[in-house]
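Here are my notes on the model, as numbered points. Please read them with the structure open.

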Amino acid sequence: MEHPLEKFTHCPACGSPMWTENNWKSKCCHACGFIFYSNPSAATAAFVVRDGHLLVARRAKNPARGTCDLPGGFCDHGETVEQGMARELREETGLEARRLRYLFSLPNIYEYSGMKIHTLDFFFRVDVDADARVQADDDVAGLEWVPLADVRPEAFGLMSVRRAVEKFLDQS
């Protein structure tokens, strides 16, 4: 597997090219001593279920553009995963989460801008009002309420989301 900092060839602290692998997740500068660890980024995804239907998003952008997805995204600095989940849900669907219930997490590698970003994806079940209206926005091309019996994990383009959908359906 490619080192997570492979694309970084110079020390970000001093600019030296004496920037080498320290271990499987860090690099070290032999000029100034700076060590940088590539720890996973926190991301969220929501299982929004209403009347036996799952809210399924269609990805508007790469990676996996055009495939099915769950509403969610990366957490911002200073946010908890719960705050990040609520914000992403609002940005992508217009929904306000009445209640978030943490389900499980899965590691993932998210390819973006030619890099492999290691993430830790947190999955939630989200309750919304029965009459809540959804509106695709941000990086979502469309939203659809799909009967749980018709949800097909292979239609989901991101590996961790696909595995999460399989796990969720097995538990439902």
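Is E91 buried, partly exposed or exposed? E91 is partly exposed, at a relative accessible area of 32%; buried means under 20%, exposed over 50% and partly exposed in between, with a 1.4 Å probe and protein chains only.

1. Basis. This is a predicted model, in which local features need pLDDT of at least 70 and side-chain atom pairs count only at pLDDT 80 or more, while totals for chains, interfaces and linings use all residues. Residues are numbered from 1 along each chain as its sequence is written, and side-chain values use heavy atoms, with hydrogens and water left out.

2. The helix α1 pair. E91 forms a salt bridge with R87 through their side chains (3.2 Å, N to O); the term stands for a side-chain nitrogen of Lys or Arg within 4 Å of a carboxyl oxygen of Asp or Glu. Both residues belong to helix α1 (residues 81–93) and are 4 residues apart, about one turn of the helix. Helices (H or I, at least four residues) and strands (E, at least two) are DSSP runs numbered from the N terminus. R87, at 12% relative accessibility, is buried.

3. Pairs between distant parts of the chain. The structure holds 8 salt bridges. One of them joins R98 to D129, with the closest N and O atoms 2.9 Å apart. That pair links distant parts of the chain, since R98 is in the loop between α1 and β8 (99–112) and D129 in the loop between β9 and β10, 31 residues apart. R98 is exposed at 54% relative accessibility, and D129 is partly exposed at 40% relative accessible area. D127 and R99 also meet in a salt bridge between their side chains (3.0 Å, N to O). Here too the pair links distant parts of the chain: D127 is in strand β9 and R99 in strand β8, 28 residues apart. D127 counts as buried because its relative accessible area is 19%, whereas R99 is partly exposed at 45%. Salt bridges with shared partners also connect D76, E79, R87, E88 and E91 in one network.

4. S160. This residue sits in helix α2 and is buried, at 0% relative accessibility. Its side chain makes a polar contact with the side chain of N108 (3.3 Å). A polar contact is a pair of N or O atoms within 3.5 Å; within protein, one must be able to donate a hydrogen and the other to accept it, and residues adjacent in sequence count only if both atoms are side-chain atoms. Neighbours within four places in sequence aside, S160 is in contact (heavy atoms within 4.5 Å) with L106, P107, N108, D121 and F123.

5. V151. The loop between β10 (140–147) and α2 (159–171) holds V151, which is buried with a relative accessible area of 4%. Not counting residues up to four places away in sequence, V151 touches L54, V146, F156, V165 and L169. From H10, V151 is 141 residues away in sequence and 46 Å away in space, C-alpha to C-alpha.
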